[in-house]
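Here's a quick briefing to read alongside the model. Grab your viewer and follow along.

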Amino acid sequence: MVVGEITEDKDVVVIGGGPGGYHAAIRAAGLGRRVTLIEKEELGGTCLNKGCIPSKIFTHFAQEYKKLGHLTEMGMEFMQTDLNMSLLQQYREKKVTQLRKGVEALCKANEIEIVKGTASFLSDSRIGVENGHEFSLFNFKQAIIAAGGEFHYEAGIQFDSERILKERDIFTLEEIPNELAVCGSDYISLEIASSFAALGCRVTLILPEGLPFDASITKELLRLFKKQKITVLKDCELQEVSRNESGVRTILKKENGETISIESSHFAVSGSVRPNVGNLGLDRLGIELTGDGFIKTDNLGRTSIDNLWAIGDVTQGLPLAVKAIKQGKAAAEAIAGRHPEVDLRHIPTVIQLTPPVAFTGLSESQAEEEGYAVSVSEYPVRANGYAGVTGASDGLVKIVSDKETDLILGIHMIGAGAVELIQTGVLGLEMAARDEDFSFPLYAHPGFGESLLEAVEAIKGAAVHLPPRKKEPAGR
């Protein structure tokens, strides 16, 4: 290892070039700070290169393939439809490369210095970066830790990158499995199950825990999984996964002690995200951590050390890029002397199933636990005229509100257009909207957005495309 003889002075150092890191770097540079971004692999991080983007290319492919039946019904004739997975993987690589080059170009345009290597703190004002046989030293005024998270898996699973796969590896397959067992209750596992089922694979979904949705969304999703011929096994503990002559054998233990054996051609499992802080040298600094090993911060990303900030998956909360991006921008603005505000109560959560799920705010049970006088309404997507025209009539929209104040507490959707519509919900909840604030504006007709409108109107029994409520007898 060659140690640099000169220690360079830096203004703002960002560790990690994922969504949170590069957003923080660009925002800090835009506010006049000289920024150095340290990344040990590729700009864009796991999200762009291995996770979010590759998986969404696959889910988009499955969603479009699912539309072929409706297009045929409308009169579009196809000579033959084949699934060329090799071409799909080429497309994935092309798009990932294009997006990564876009991030690189933005960093260059903002005069951000990119340093390749693995970073480790030597003190609260000095950092070392190792890249192969080279080792560089930097002094810094401010540092933003955006090192992301690592996936951890159940002990004893022997992954082989062919049949027994991690969640990221399965999206690189060049063939559709005949039978796939998927283990996990998180959004990645659900996307895997939904997408491969849409592409003709026989899927068994193993749910070790309950689904992370409002009860009505869970009920509708399980109904759609049954419609898609996805076998769902609830409350099962994974015992063993092993290769055999026919493929993969999975042994499960149910809550009642019963043992189940599943045979499949492939098996996929989603890991749990833990903070990637082990090699950062944080023990040298005495920075305050949570019991789970996350870096403690305030809402702007300030740590227990004044000039060190942390954002994204190294901090507590949902491991979502949208959280990291918001935190990254806020930390950069705070470093530049501005006074940003961050409130993560209304994070939009989206799951690209077929059809997609999106939600924000409180579920019905959460609202009850917080002591609200809860009022709910549900609107089936099949009642939406545009959904019927486009062959996308599965799903529902659910509104959770406070009966005493009419305040909207949560919006939950499953169906076409949910990913785009949920931003309307986020905006409304951020502005403390009541039901009349959602029902007052005009909604484009025809459009999926009318489902949101009528779901809100249904709170007071005013939804036109739902059967009327039973009227109370006269005199009461």
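By class, how many nonpolar, polar and charged residues does the lining of the largest cavity have? It has nine nonpolar, two polar and no charged residues, where Ala, Val, Leu, Ile, Met, Phe, Trp, Tyr, Cys and Pro count as nonpolar, Asp, Glu, Lys and Arg as charged, and the others, Gly among them, as polar. Bear in mind that this is a predicted model, with local features needing pLDDT of at least 70 and side-chain atom pairs pLDDT 80 or more, while totals for chains, interfaces and linings use all residues. Residues are numbered from 1 along each chain as its sequence is written, and side-chain values use heavy atoms, leaving out hydrogens and water.

**Cavity**
- A search of the whole structure turns up one cavity of 30 Å³ or more; a cavity here is a set of points on a 1 Å grid over the protein atoms alone where a 1.4 Å probe fits but cannot get out, and lining residues have an atom within 4 Å of a point.
- The largest cavity has a volume of about 70 Å³, volume being the space filled by probe spheres set on the points, which are joined across faces, edges and corners.
- Its lining includes V381, L396, M413, A416, L421 and F448.
- β21 (396–402), β22 (408–414) and α11 each give at least two residues to that lining; helices (H or I, at least four residues) and strands (E, at least two) are DSSP runs, numbered from the N terminus.

**Second largest pocket**
- The second largest pocket holds about 730 Å³ of space; a pocket is an open set of points with protein on both sides within 12 Å along at least five of seven lines.
- Of its 24 lining residues, Q63, K67, G391, A392 and A416 are the closest to the centre.
- At least two lining residues each come from α3 (52–66), α4 (68–74), α7 (215–227) and α11 (418–430).

**Aromatics**
- The whole structure has six aromatic pairs, meaning rings of Phe, Tyr and Trp (its six-membered ring) with centres within 6.5 Å.
- Y153 and F159 make an edge-to-face pair (planes over 60 degrees apart), because their planes sit at 65°, with the ring centres 5.1 Å apart.
- Both partners are partly exposed, Y153 at 21% relative accessibility and F159 at 26%; the class lies between buried (under 20%) and exposed (over 50%), with a 1.4 Å probe and protein chains only.
- The charged end of K166 sits over the ring of F159, 5.3 Å from its centre; that takes NZ of Lys or CZ of Arg within 6 Å of the ring centre and within 35 degrees of the ring normal.
- F58, F171 and F196 are linked into a cluster by ring pairs.

**Annotated spans**
- An unreviewed UniProt entry lists residues 10–328 as "domain: FAD/NAD(P)-binding"; that span is 30% helix and 29% strand, its end C-alpha atoms 18 Å apart.
- The UniProt entry, unreviewed, also lists residues 347–455 as "domain: Pyridine nucleotide-disulphide oxidoreductase dimerisation", a stretch with 33% helix, 27% strand and end C-alpha atoms 21 Å apart.
- UniProt annotations may be inferred rather than shown by experiment.

**Two single residues**
- R345, in the loop between α8 (321–335) and β18 (349–351), is exposed at 63% relative accessibility.
- E240 lies in strand β12 (residues 236–243) and is partly exposed at 43%.

Technical notes:
Rings of Phe, Tyr and Trp (its six-membered ring) pair if their centres lie within 6.5 Å; planes under 30 degrees apart count as stacked, over 60 as edge-to-face and the rest as tilted.
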